[in-house]
Amino acid sequence: MGSLKARQAVLASIGALGALVFTFFFALTVHTPVWVERFAADFIEQEVARQIDQRIDGLQPPGGEHALSRMAGALYESNAREIERRRELLRNQVHERMADSIARVRDLDCECRAKWASWIEAQSDARIQLLEQTNRTLVDFIQGTYARVVTELKRDIRIFAGTNAVLFLLLLVIAFAKPRAVVQLFVPGLLLASATLACSYFYIFQQNWLLTIIYSDYLGMAYLGYLFVVFALLCDVVLNKARVTTAIANTVFSAIGKAATAVPC
């Protein structure tokens with residue numbers, strides 16, 4: 001009985017601590033959204049620069065079947081070297097203005113914040129036209145890209161933190177609701193704890209890696225897939241008498257040479 005209580009206490013501690021940590025970060029993005037901009041300052045600047053370079057590099061010659069389009073395309077190809085030179089000048093000009101533009105948009109009293117908040121809500125899309133940019137347009141383009149990156153990063157952090165908080169809370173509740181399945185609950189519990197320890201390491205030592213995982217479509221989906229596996233294991237304990245987690249636990253016991261066995265409950 002004492003051993004069971006101790007295991008239950010360990011699981012409850014994992015669930016409570018994880019739920020508390022991720023709920024705190026979720027609440028922080030809602031109560032103090034500017035925290036994201038401060039915490040992720042370096043990552044946001046790198047992402048803004050990457051997206052701007054990607055947009056400039058992605059500019060293509062005019063397309064279409066009309067004679068004028070074909071002539072324009074031919075002219076574009078014949079002047080490819082000059083266009084690349086001007087594209088590089090444009091990229092350098094954008095990067096020169098980036099620090100000042102981002103510094104201004106980070107100012108909480110700057111009117112541009114309200115402007116770009118409305119721009120995001122209206123789902124506007126910044127457009128850049130090669131060789132026709134004025135200084136004002138460049139600043140707008142930089143700040144618009146910044147506003148989009150910050151908005152998307154806030155959303156992704158909320159999804160990341162909220163999903164983790166819910167799973168840890170489920171672990172905590174199930175640990176008390178299903179005390180006979182405490183051994184099986186260590187399977188999803190350890191998976192959650194491992195993910196949290198990895199995230200904590202990245203948060204302390206490699207912040208940009210953590211933000212890349214959260215913000216990247218492919219890495220973010222992979223992590224959500226990992227959490228879905230944990231959720232499925234929790235569902236197995238609640239709805240399937242822990243048959244799958246029992247098999248996993250017994251496989252682990254057998255691999256480490258432990259005589260104990262778990263049974264479905």
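Modeller: Helices (H or I, at least four residues) and strands (E, at least two) are DSSP runs, numbered from the N terminus. On that basis, the order of elements in the protein chain is α-α-α-α-α-α-α-α-α-α-α, a total of 11 helices and zero strands. This is a predicted model, in which local features need pLDDT of at least 70, side-chain atom pairs count only at pLDDT 80 or more, and totals for chains, interfaces and linings use all residues. Residues are numbered from 1 along each chain as its sequence is written, and side-chain values use heavy atoms, with hydrogens and water left out.

Colleague: What is the mean pLDDT of the protein chain?

Modeller: pLDDT is the predictor's confidence in each residue, from 0 to 100. Its mean over the protein chain is 77, and 68% of the residues reach 70 or more. Over residues 123-134 pLDDT stays under 50, and the model has 20 contacts (heavy atoms within 4.5 Å) for them beyond four places in sequence.

Colleague: Why is Thr-245 called buried?

Modeller: Buried means under 20% relative accessible area, exposed over 50%, and partly exposed in between (1.4 Å probe, protein chains only). Thr-245 has 0% relative accessibility and therefore counts as buried. Thr-245 lies in helix α11, residues 243-255, and touches Gln-184, Val-187, Pro-188, Leu-233, Asp-236 and Val-237, leaving aside residues up to four places away in sequence. Of the 265 residues of the protein chain, 40% count as buried.

Colleague: Is Cys-199 buried or exposed, and what makes Cys-235 partly exposed?

Modeller: Cys-199 has a relative accessible area of 12%, so Cys-199 is buried. Cys-235 stands at 25% relative accessibility and is therefore classed as partly exposed.

Colleague: How many disulfides does a search of the whole structure find?

Modeller: A disulfide is a pair of cysteine sulfur atoms within 2.5 Å. The search of the whole structure finds zero disulfides.

Colleague: Which residues make the nonpolar surface patch?

Modeller: Patches are made of residues with over 30% relative accessible area and no salt bridge; like charges are joined within 9 Å, nonpolar side chains (Val, Leu, Ile, Met, Phe, Trp, Tyr) within 5 Å. A salt bridge is a side-chain nitrogen of Lys or Arg within 4 Å of a carboxyl oxygen of Asp or Glu. Val-166, Leu-170, Phe-228 and Phe-231 make a nonpolar patch of about 360 Å². Helices α7 (135-177) and α10 (217-239) each give two or more residues to the patch.

Conventions. Areas by Shrake-Rupley, 256 points an atom, 1.4 Å probe, with all protein chains shown as cover.
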